[in-house]
Amino acid sequence: SCRSVVEGAVARLGGLDALVYCPGTSPFGPIEEIDADAWQNVFATNVIGFSLVLNAAIRELAKARGKVVAISSISIDDRPPRPKQGSYPVSKVALEALIEAWQGEHRRVGFTSIANGDTLTEFGFGESPEKLVPIVQRWAELDYMYGRMMDPADVAEQVVNAIASRETIRRIAITPRYATATPGEGDFGQKAVETVRSAGKG
């Protein structure tokens with residue numbers, strides 16, 4: 001349980017002064033095909049889990065005047081949201097609202113959300129390339145993509161910045177720098193999926 005994990009960390013480390021919440025999941029496909037189980041799974045992972053971990057950790061974090069960093073997504077700023085990933089930005093908007101609620105009630109702790117852009121992780125590995133490639137290609141055609149993806153170390157650097165800051169950084173937004181090619185040029189969907197899967201095997 002969350003409580004036993006937190007208690008174990010406190011016992012080993014002598015306290016708890018920072019917590020990073022970074023799980024994320026998303027189904028891919030038309031929004032009308034997302035069933036109740038998929039919606040519940042997305043919110044359980046992307047939103048509710050954050051609160052359950054903090055239920056167990058907040059007392060120790062407040063004692064240390066610690067920091068909490070939660071990974072959100074730059075996709076919540078897309079207007080309209082990226083097609084065929086509707087539940088994901090909805091859940092991340094909810095997460096950012098939840099972060100604000102926790103900050104409002106626990107002012108001895110500093111809360112930061114990091115809205116990160118497309119990053120080389122195992123996100124989406126549960127889906128087939130045949131399903132993902134046309135979806136990502138469509139995102140590129142609609143100019144949601146940057147022509148390249150970030151390394152996880154780029155996001156981790158901002159996590160460290162938020163935790164190390166003497167003050168509370170409420171929100172960080174980080175995206176890839178644009179590639180030299182025009183976004184949407186070429187078969188970026190295929191290249192993006194292949195790049196992510198190759199990185200995940202390393």
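Strand β2, helix α3 (residues 87-105) and strand β3 form a β-α-β unit that is right-handed, meaning that, with the strands pointing away from the viewer, the path from the first strand over the helix to the second runs clockwise. Helices (H or I, at least four residues) and strands (E, at least two) are DSSP runs, numbered from the N terminus. The model is predicted: local features need pLDDT of at least 70, side-chain atom pairs count only at pLDDT 80 or more, and totals for chains, interfaces and linings use all residues. Residues are numbered from 1 along each chain as its sequence is written, and side-chain values use heavy atoms, with hydrogens and water left out.

The protein has 6 helices and 4 strands, and their order along the sequence is α-β-α-β-α-β-α-α-β-α. Strands count as paired if DSSP finds at least two bridges between them. β2 and β3 (residues 110-116) run parallel and are joined by 7 bridges; within this pairing, S72 has A115 in β3 as its bridge partner. On β1 (residues 18-21), 4 bridges connect to β2, again in parallel, and A18 stands opposite K67 in β2. The chain passes from β1 through helix α2 (residues 36-63) to β2, and this β-α-β crossover is right-handed.

Strand β2 (residues 67-73) is mostly covered, with 7 of its 7 residues buried, where buried means under 20% relative accessible area, exposed over 50% and partly exposed in between (1.4 Å probe, protein chains only). In a regular strand the side chains alternate between the two faces of the sheet. In β2, K67, V69, I71 and S73 point one way and V68, A70 and S72 the other, all of them buried. Across the protein, buried residues make up 44% of the 202 residues.

The loop between β2 and α3 contains Q85. Q85 is buried because its relative accessible area is 4%. Apart from neighbours within four places in sequence, Q85 is in contact (heavy atoms within 4.5 Å) with S26, P27, F28, G29, F123 and W139.

The second largest pocket has a lining that includes K67 and G110. A pocket is an open set of points on a 1 Å grid over the protein atoms alone, where a 1.4 Å probe fits, with protein on both sides within 12 Å along at least five of seven lines; lining residues have an atom within 4 Å of a point. About 180 Å³ of space lies in this pocket, the volume being the space filled by probe spheres set on the points, which are joined across faces, edges and corners.
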